[in-house]
Amino acid sequence: MIFRILEEQFAQKSKDSKAADQRFMQLALTLGRRGQGRTWPNPAVGAVVVKDGVIVGRGWTQPGGRPHAEPVALAQAGEAARGATLYVTLEPCSHVGKSPPCTDAVIAAGIKRVVSAIEDPNPEVAGQGHARLRAAGIAVEIGLGAAEAAHDHAGHFRRVREGRPHVILKLAVSTDDKIAAAGHTPVAISGEAAKARMHLLRAQCDAILVGVGTVLSDDPLLTCRLSGMEARSPVRVVLDRALRISGTSRLVHSARATPLWVMTSNLAEAPAAMKLGAAGAQVIRVATTAAPPPGLDLSAVLHALAQRGITCLLVEGGARVAAAFAAAGLVDEFWLLRGPEAIGAGGVAALDALPLTSITQSLAFRVRASESLDKDTLTVYERA
C-alpha cells in the first residue's frame with residue numbers, strides 16, 4: 001500500500017513539474033516575440049530563469065540583436081541564478097561573435113538545468129552549445145515548445161538553411177477576390193481592426209516589400225502606424241527594375257527616417273540611382289529574368305536581402321508581385337484578409353492571372369489560424 005502511495009506521489013510530482021516547465025517555456029516564447037522585427041540578423045529569443053518555482057530573471061534579444069536573451073535574464077537574476085533552471089527558446093550560442101558566447105554566461109552564472117526548445121541550425125552552433133553546457137555538468141533538456149519555437153524562429157532557420165528570408169504574403173481581398181477597383185483604383189476593403197492587425201504584423205517583420213507599380217499608384221508610406229510603435233517600422237523594399245520611383249514619393253521623402261531599399265537591375269541608369277542615394281535610399285542591383293514579362297529575379301532579391309540580415313519579409317503587393325512570389329514557390333505563409341463587400345466586374349484580381357485557390361486549396365499549404373476582426377476575416381496559411 002505504501003509503495004502505491006509513493007508511486008502516486010511521484011507521478012503527481014512529475015506531472016506538476018512538467019506543467020511548470022510548459023508554463024515557463026510558454027513565457028519564454030512570449031518574451032521572445034517582443035523582439036520580432038527588431039533583432040535581425042539575429043533571432044528573437046526569449047529566456048526565463050526560475051529558482052524554486054519562482055521567476056528570478058526574464059530576458060529577450062534586444063534591438064539590433066545584442067545583448068542576447070540569456071545574458072539579459074541572467075543579469076536580472078544575479079546570484080539567484082545559481083542552482084536555477086534556465087528556459088530558453090533557442091540553443092544558447094557557443095561561438096565568439098560580436099558578443100561572448102551565451103554558454104559561457106550560463107556556466108558562469110551557476111545554472112543547474114537548461115530547458116531548451118530547439119537546436120540552432122547555425123553551423124557555428126548546431127548542437128555545440130548544448131554539448132558545452134552538458135560538459136560543464138549542466139542538465140540539458142531539448143524539445144519542449146519546439147513546434148512554436150520553430151515557427152517563431154522560421155526566419156532565422158530559413159536564412160541559415162536556404163540563404164533567404166521567411167516570406168509572408170499578405171493580401172486584403174473583397175468577397176469576390178479583388179484587391180482594387182477597375183484601373184487599379186484603390187478602394188477600402190478592410191476595417192479598422194483588420195488594419196491595426198496588419199500594422200502589428202508589419203512591426204513583427206524585418207522588411208516589407210512592394211512593386212514599383214504599387215508605389216506609383218498608391219504612394220504608400222509602408223510604416224507601422226500603431227500608436228507608440230512607429231519606431232518599429234520595417235525596412236521598406238521596392239522592386240523597381242528600371243528605377244521609375246519618383247523622388248517626390250512619400251517613400252523617398254522618408255528614406256532618412258525609415259530605411260528604404262530599392263531593388264533594381266544591373267542595367268538601371270546610374271544618375272537615377274545616384275539621386276535616390278542622395279535622398280537616403282539604398283539602391284541594390286540584382287539579376288533579372290529573361291522570361292516574359294522581364295523582371296527582377298526574385299531568388300536573387302531574397303538572397304540579397306538575406307545577405308543584409310533580413311530574416312522575415314512581408315510581401316504586400318501588388319497583384320503581379322504577389323503572383324510572382326506564389327508562382328515561384330517562394331511564399332512560406334499567406335495572410336488572407338477578406339472584407340465584407342464585393343468590388344465587382346473590372347476589379348483587379350488578387351493574384352493577377354493566378355486564382356487564390358492556387359494557395360488556399362493547395363496541398364502544399366494548410367490553415368494555421370483563423371480569426372474574425374469585426375466584419376473582416378483573417379485566415380493564415382502555412383506551408384505543410
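The axes of helix 3 (residues 102-109) and helix 4 (residues 128-135) come within 10 Å and cross at roughly 20°. Axes here are lines fitted to C-alpha atoms, for helices over the stretch in contact, with angles running from 0 to 180 degrees between N-to-C directions. The model is predicted: local features need pLDDT of at least 70, side-chain atom pairs count only at pLDDT 80 or more, and totals for chains, interfaces and linings use all residues. Residues are numbered from 1 along each chain as its sequence is written, and side-chain values use heavy atoms, leaving out hydrogens and water. Helices (H or I, at least four residues) and strands (E, at least two) are DSSP runs, numbered from the N terminus.

Helix 3 and helix 4 are therefore roughly parallel to each other (angles under 35 degrees; over 145 is roughly antiparallel, 65 to 115 roughly perpendicular, the rest oblique). The crossing of helix 3 with helix 4 is right-handed. A crossing is right-handed if the near helix is turned clockwise from the far one by less than a right angle, and left-handed if anticlockwise. From helix 3, T103, D104, V106 and I107 meet G129, R132 and L133 of helix 4. Contact means heavy atoms within 4.5 Å. The residues of this contact divide into three nonpolar, two polar and two charged. Ala, Val, Leu, Ile, Met, Phe, Trp, Tyr, Cys and Pro count as nonpolar, Asp, Glu, Lys and Arg as charged, and the others, Gly among them, as polar.

Helix 3 also packs with helix 2 (residues 69-77), the axes coming within 9 Å and crossing at roughly 20°. Helix 2 and helix 3 are therefore roughly parallel. Their crossing is left-handed. E70, P71 and L74 of helix 2 make the contact with C102, A105, V106 and A109 of helix 3. This contact divides into six nonpolar residues, no polar and one charged.

Three aromatic pairs are found in the whole structure. Rings of Phe, Tyr and Trp (its six-membered ring) pair if their centres lie within 6.5 Å; planes under 30 degrees apart count as stacked, over 60 as edge-to-face and the rest as tilted. One of the pairs, W40 with W261, is edge-to-face, at 6.2 Å centre to centre and 85° between the planes. W40 lies in the loop between helix 1 (2-33) and strand 1 (46-51) and W261 in strand 10 (residues 260-265), so the pair ties together parts 221 residues apart in sequence. W40 is partly exposed at 23% relative accessibility, whereas W261 is buried at 8%. Buried means under 20% relative accessible area, exposed over 50%, and partly exposed in between (1.4 Å probe, protein chains only).

The rings of F334 and Y381 have centres 5.9 Å apart and planes at 25°, so this pair is stacked. F334 lies in strand 15 (residues 333-338) and Y381 in strand 18 (residues 376-383), so the pair ties together parts 47 residues apart in sequence. Both F334 and Y381 are buried. T379 also lies in strand 18. T379 is buried at 15% relative accessibility. Residues up to four places away in sequence aside, T379 touches F334, W335, L336, V367, A369 and S370.

I245 lies in the loop between strand 9 (235-239) and helix 9 (250-253). I245 is buried at 8% relative accessibility. Its C-alpha atom is separated by 6.9 Å from that of L216, 29 residues apart along the chain.

In helix 6 (residues 154-162), A154, G155, H156, F157 and R158 are buried. Their cover includes helix 5 (146-152) and strand 6 (166-173).
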